[in-house]
Amino acid sequence: MTIPSPAVTLPKGWLILQDPDRPDAAAVNQLLQACGQPERSIERVALALQRSDLLVSLWRPALGGAGHKLVGMVRATSDRSLNVNLWDLCVLDDVQPRSRYVHHLMRSMLLRLRRDLAGCSISMMTMLEDVPELERFGFLESPNKIRAMALRLGS
C-alpha cells in the first residue's frame, strides 16, 4: 500500500489529533449533523466513541482565538486480527478544498493503522465525492456500485 504524501501542510494553528485526544460526544454529534447525518442521542455517540479503536480529528482555530473547533473526523473499529471498518469520515462544507482535508485525515488514519493493525482489510462507506481522494490511497470501489470500499494493509 502506498500512502501519498500530503500535498500541503495544514494551515497555521490547525491540528490533527489522534488517540488519546478525542472530542466529546456533543462536539461529534454537532459535526455529524452539520455534515448531513441525522441527529443521534449523546449516549449513542458516546458509546460509538468508546467502542472505536482509533479516532482521528481535524481542528481549526475557533473564532476569536479561544481554543479550537472540531471540523472533521474519521474513526475506526476493528476485530484486531482481520478487519478494520472506517466510519463517519466527514469534513465541514466550509472547509475548502474539502479533498485536501479528507486527505490529511485519511493519511493520518492509514499510517496509524499500518503501524498498529498491519495485515487487516479496511473497508468503509463513504460519500461519492470522497471516492477520487480515497482511490489515491488504493481503495477500490465495489464493482456493483455499492460504494463500499476496501483496502488491504501490509504485505
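**Ground rules.** The model is predicted, so I take local features only at pLDDT of at least 70 and side-chain atom pairs only at pLDDT 80 or more, while totals for chains, interfaces and linings use all residues. Residues are numbered from 1 along each chain as its sequence is written, and side-chain values use heavy atoms, with hydrogens and water left out.

**Entry 1: salt bridges.** I looked up how many salt bridges there are, and the structure holds 10. The term means a side-chain nitrogen of Lys or Arg within 4 Å of a carboxyl oxygen of Asp or Glu. One of them joins Arg22 to Asp19, with 2.5 Å between the closest N and O atoms. I also checked how open Arg22 is: it comes out partly exposed at 30% relative accessibility. For the labels, buried is under 20% relative accessible area, exposed is over 50%, and partly exposed is in between (1.4 Å probe, protein chains only).

**Entry 2: Arg40 and Asp88.** These two side chains form a salt bridge at 3.7 Å, N to O. The pair links distant parts of the chain, 48 residues apart: Arg40 is in the loop between helix H1 (25-34) and helix H2 (42-51), and Asp88 is in strand S4 (residues 83-91). I noted that helices (H or I, at least four residues) and strands (E, at least two) are DSSP runs, numbered from the N terminus. Arg40 is partly exposed at 26% relative accessibility, whereas Asp88 is buried at 12%. Arg75 joins in too, as Arg40, Arg75 and Asp88 are linked in a network of salt bridges.

**Entry 3: Arg60 and Asp94.** Here the salt bridge is 3.0 Å, N to O. Arg60 lies in strand S2 (residues 54-61) and Asp94 in the loop between S4 and helix H3 (98-116), so the pair ties together parts 34 residues apart in sequence. Buried or exposed, I wondered about Arg60? Arg60 counts as buried, at 17% relative accessibility, but Asp94 counts as exposed, at 53%.

**Entry 4: Asp130.** I found Asp130 in the loop between strand S5 (121-125) and helix H4 (131-135). It is buried, at 3% relative accessibility. Leaving out residues up to four places away in sequence, Asp130 touches Leu89, Arg98 and Val102, where contact means heavy atoms within 4.5 Å.

**Entry 5: cysteines.** I looked for disulfides (pairs of cysteine sulfur atoms within 2.5 Å) and got 0. The sulfur of Cys35 has its closest cysteine sulfur in Cys90, 4.2 Å away, which is too far for a bond. Cys120 is buried, at 2% relative accessibility.
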